Structure formats: C-alpha cells, structure tokens
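Here's a quick tour for anyone meeting this structure for the first time.

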Amino acid sequence: MNFDQITDRRGTSSTKWDKYGNADVLPMWVADTDFQVPPFILDAIRQRLDHGIIGYTNTPTSLTDAFIGYAERTFSWQVDPDWLLWLPGVVPGLNLAARAADRHLIIPTPIYYPFLAIARNCGLSEHLVPMIRDDGWRLDMEALAALPPGGIIMLASPQNPTGRVFTRHELRELAELCSERDHLLCSDDIHCELLLAAGAKHTPIASLNEDIRDRSISLFAVTKTYNIPGISCAVAVVPDASLRSKMRAERVDLTQGAGPLAFAASEAGFADTSSWRDELRAYLAANAQLVQDCVAQLPGVWMEPVEGTYLAWINVADLGLNNAQAYFEDNGLGLSPGPQFAGDGFVRLNFGCPRATLQDGLERFSRAANKAVG
Ligand SMILES: Cc1ncc(COP(=O)(O)O)c(C=O)c1O
C-alpha cells in the first residue's frame with residue numbers, strides 16, 4: 001500500500017477538508033486519515049453492491065464469525081456470539097451503554113469529546129477525573145478510588161487524545177477497582193489496532209477475568225483502522241444478559257443496527273489477516289516520530305510520545321495564546337482545540353496523512369509556534 005499517495009478530498013463534503021473551503025488552512029483535526037481504503041475492503045463493499053438490492057438486513061452470521069475469529073486470533077479472547085450487539089457507531093454505543101447502566105458516569109479526562117456529552121444526553125450525573133502526567137499520562141487511581149461506588153467508568157482504550165495504550169497491569173488495577181467499588185465499565189476500543197510504540201499491546205479489559213467481563217461493555221469497530229468511519233458500524237460486546245437486554249431495549253426505534261454495506265466492510269476488516277495493518281502501523285509510527293521530533297525542538301510546547309492512535313496531544317500553554325485553535329487556523333493549520341476534550345492548554349494534531357502532508361503541517365506548526373514566542 002502506498003501511504004504516500006495524496007488524494008484530493010476537497011469537494012467531497014469531507015468533514016475534515018470542507019471545513020476551511022478554499023482557504024489555505026491544512027486540516028489536521030477530525031479523526032479520519034487521508035489514506036486510501038485498502039482494496040479488500042472496497043472489494044467487499046462492491047461485491048455487496050453488485051447484488052443490486054440494498055434491503056433491510058439482519059446481522060450476517062459470517063460477520064459474527066469474523067468478529068469472534070478476530071477476538072480469538074488477536075487477543076486470545078473467547079467471545080460468545082450472543083454477547084454481540086451491532087450498532088451504527090461507537091458513539092451511539094457509548095450513549096446506549098450509559099442509558100442501560102443508569103448510574104453516575106466516571107470519565108477520565110482529557111477525553112474524546114462525545115464522552116463529555118453523555119451525561120447531558122442521558123440525564124445522568126458525571127465525575128470527570130483528570131489523568132496525571134508524570135512518567136507519561138496515566139489514570140489517577142487514587143482519585144478514582146475516592147468516588148462514590150456504583151457508577152460506570154467510561155474509558156477510551158487506547159486513549160484518545162493522549163495516545164496512551166494502557167498496559168495489562170493498569171487495566172487489571174482498574175478492573176479490581178470496579179470490583180471493589182461495584183462500578184460497571186464501558187471501554188471504547190476503537191483505536192485498538194493503531195498500536196505504534198514498540199511493544200505496545202492492546203488488552204480488551206473484558207478479557208482479563210470473569211468479574212470484569214460481566215461488568216463491562218466493550219465497543220469495537222474497524223472504521224478507524226481501515227479509514228471507513230463514514231460507513232458507520234460498530235459492535236458492542238455485552239456479556240451480561242441483563243445489561244444486554246437493557247441496551248437492546250434502549251435502542252429500539254432510536255437507532256437501528258448497521259446496514260449491509262457497513263456489514264460487508266466490517267466483515268472484511270475483522271477477517272483481515274494480511275500485512276496491511278502492519279504497514280499502516282509502521283507508517284504511522286514514523287509519522288508519530290516526526291511530530292515528536294518537531295515538538296521537541298520548539299520552545300513553549302511539549303507532548304508525550306504517542307503509543308497508539310494517530311493523534312498527538314500537544315501542550316501549547318506556554319505560547320500564551322488566548323485561543324490556540326483560532327491562532328493556528330490563522331496561521332494555516334486546522335487543529336482540534338484542547339478544551340473540547342476537557343484539556344485546556346492543548347491542541348490535538350491528527351498525523352494520519354501522507355508524509356508530505358505531515359511535513360507541510362509541521363512546518364506550519366513550527367512557524368506559528370516560533371512566531372508566538374516572538
Ligand atoms: C475514542 C473514539 N471513539 C469513538 C469514535 C467515533 O466512533 P463512531 O464514528 O463509530 O461513532 C472516535 C472517533 O474519533 C474516537 O476517537
């Protein structure tokens with residue numbers, strides 16, 4: 001796969017690229033990549049299209065089998081077909097999980113911003129628990145332990161925006177806390193294939209033991225990996241039968257399952273055993289290093305190394321900007337604003353793009369940062 005290939009996305013109503021119209025602002029914000037979708041995914045969609053009728057569609061058994069095979073092959077995790085609930089996206093899954101749980105929300109921050117809307121959407125209370133930065137970003141286990149029992153922890157694992165890939169040890173500690181404090185846990189694992197740091201390994205928290213399995217809802221999708229988020233499909237793994245039936249009941253007539261084109265693409269993704277993902281990871285890891293090197297030599301900015309995702313969480317507080325997003329846009333670069341993620345003083349840069357695009361973006365970033373410090 002040629003990840004260096006540049007595809008013009010302007011004029012396709014792309015959320016990322018249409019934001020700035022024809023202005024000279026390079027968009028490095030919303031989390032899709034500028035890479036071509038691999039041929040085996042496109043072929044699966046085409047094959048389904050060639051049938052000529054796109055009717056209402058039940059979840060294909062072959063899709064369920066593909067996910068179960070993926071979980072077994074990738075995580076040595078035995079998933080029961082009855083546990084699965086297919087959905088038109090991870091974000092609907094987060095909201096359905098919260099509604100079904102009907103408990104106070106516990107959300108480590110900074111966090112992918114739709115997490116911050118769940119309490120309001122679902123009429124629940126929330127506790128935001130800032131992560132700690134010492135030797136890299138980590139969960140504040142003491143603050144988590146001090147919260148009232150009987151909640152639901154909403155986790156992004158790997159973490160967006162910090163790029164942390166939680167270790168098995170960290171997840172085991174969190175699972176123990178859930179058990180001790182009678183919390184449920186909803187884990188959004190959408191970025192779990194985007195592992196960049198040497199030795200980074202993803203563990204689905206539900207795979208650790210039976211206790212956390214039965215108190216968790218895990219959300220998976222292939223949409224980030226293969227750059228098909230526009231096709232909208234995710235799967236919730238809900239081992240506990242009563243939680244699962246509550247989630248099913250909550251979704252009735254509000255959100256459907258996904259459609260046949262999304263099923264076809266997801267099946268091809270979950271069944272993929274080619275080297276495509278390794279190539280993607282190697283390309284993204286080199287991009288992450290370029291971002292890290294660029295940030296390291298600039299005054300007034302810092303970031304922790306990205307272990308997973310294609311997102312860099314960069315602190316620009318010392319640049320003394322009133323509105324960092326607006327400042328970088330005025331200087332030709334479209335970034336996501338930290339406050340949207342409950343992360344004041346930060347911007348998020350999406351480096352899921354061809355190297356030449358990234359180099360252009362980093363030049364813009366450096367020029368703007370240097371200008372700000374005078
Ligand atoms: C952590 C996380 N969860 C969910 C999503 C979106 O999922 P979906 O498009 O399936 O709702 C994103 C997209 O950026 C994400 O980063």
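Two residues are in contact here if their C-beta atoms, placed from the backbone, lie within 7 Å. Keep that in mind for the meeting of H2 and H10, where Phe40, Ile41, Ala44, Ile45, Gln47 and Arg48 sit on the H2 side. Their partners in H10 are Pro260, Leu261, Ala264, Ala265, Glu267, Ala268 and Gly269. One thing to know before going further: this is a predicted model.

**Helices that pack together**

Two packed helices are described by the angle between their axes and the distance between the axes.

- Let's finish with H2 and H10: helix H2 covers residues 39–49, and its axis lies 8 Å from that of H10, at an angle of about 145 degrees.
- H2 and H10 cross in a right-handed way, and their contact is made up of nine nonpolar, two polar and two charged residues.
- H10, which spans residues 260–270, also packs with H3, residues 61–75. The axes of H3 and H10 come within 8 Å, with a crossing angle of roughly 30 degrees, so H3 counts as roughly parallel to H10.
- The crossing of H3 past H10 is left-handed.
- Which residues does H3 bring to H10? They are Ser62, Leu63, Ala66, Phe67 and Tyr70, and they meet Phe263, Ser266, Glu267 and Phe270 in H10.
- Sorted by class, the contact of H3 with H10 has six nonpolar, two polar and one charged.
- Glu267 turns up on the H10 side with H3, and again on the H10 side with H2.
- Another pair to look for is H4 with H9 (residues 241–251), whose axes come within 8 Å and cross at roughly 115 degrees. The crossing of H4 and H9 is right-handed.
- From H4, Leu96, Ala97, Arg99 and Ala100 meet Leu243, Lys246, Met247, Glu250 and Arg251 in H9. That contact of H4 with H9 has five nonpolar residues, four charged ones and no polar ones.

**Around the ligand**

- How many residues surround the ligand? There are 13, and the closest are Ala31, Gly89, Val90, Val91 and Asn160.
- The shell around the ligand divides into nine nonpolar, three polar and one charged.

**Two cis bonds in one loop**

- Asn160, one of the closest residues to the ligand, is joined to Pro161 by a cis peptide bond, with omega about 20 degrees.
- Where is Pro161? You'll find Pro161 in the loop between S7 and H7.
- Pro158 is in the loop between strand S7 (152–156) and helix H7 (168–180) as well. The peptide bond leading from Ser157 to Pro158 is also cis, and its omega is near -5 degrees.

**Ser187 and its surroundings**

- Ser187 belongs to strand S8, residues 184–188.
- Is Ser187 buried or exposed? Ser187 counts as buried, because 25 C-beta neighbours lie inside 10 Å, and the cut-off for buried is 20 or more.
- Leaving out residues up to four places away in sequence, Ser187 touches Leu155, Ser157, Pro204, Ile205, Ala206, Ser216, Ser218 and Leu219.
- Ser187 and Pro158 are 29 residues apart in sequence, with their C-alpha atoms 9.3 Å apart in space.

**Positive phi values**

- Asp102 isn't a glycine, yet its phi is positive, about 55 degrees. You'll find Asp102 in the loop between helix H4 (90–101) and strand S3 (105–109).
- Asp102 counts as exposed, because it has 12 C-beta neighbours inside 10 Å.
- Ser13 is another residue other than glycine with a positive phi, near 60 degrees. Ser13 is in the segment before H1 and counts as exposed, with 9 C-beta neighbours inside 10 Å.

**Toward the start of the chain**

- Ser14 is in the segment before helix H1 (15–18). With 16 other C-beta atoms within 10 Å, Ser14 is partly exposed.
- Ser14 and Ala326 are 312 residues apart along the chain, and their C-alpha atoms are separated by 20 Å.
- Asn22 is in the loop between H1 and strand S1 (26–27). Asn22 counts as exposed, because it has 7 C-beta neighbours inside 10 Å.
- From Asn22 to Arg10 it's 12 residues in sequence and 8.4 Å in space, C-alpha to C-alpha.

Conventions. Residues are numbered from 1 along each chain as its sequence is written. This is a predicted model: local features need pLDDT of at least 70, side-chain atom pairs count only at pLDDT 80 or more; totals for chains, interfaces and linings use all residues. Helices (H or I, at least four residues) and strands (E, at least two) are DSSP runs, numbered from the N terminus. Axes are lines fitted to C-alpha atoms, for helices over the stretch in contact, and angles run from 0 to 180 degrees between N-to-C directions. Angles under 35 degrees count as roughly parallel, over 145 as roughly antiparallel, 65 to 115 as roughly perpendicular and the rest as oblique. A crossing is left-handed if the near helix is turned anticlockwise from the far one by less than a right angle, and right-handed if clockwise. Ala, Val, Leu, Ile, Met, Phe, Trp, Tyr, Cys and Pro count as nonpolar, Asp, Glu, Lys and Arg as charged, and the others, Gly among them, as polar. A residue is near a molecule or strand if its C-beta atom, placed from the backbone, lies within 6 Å of it.
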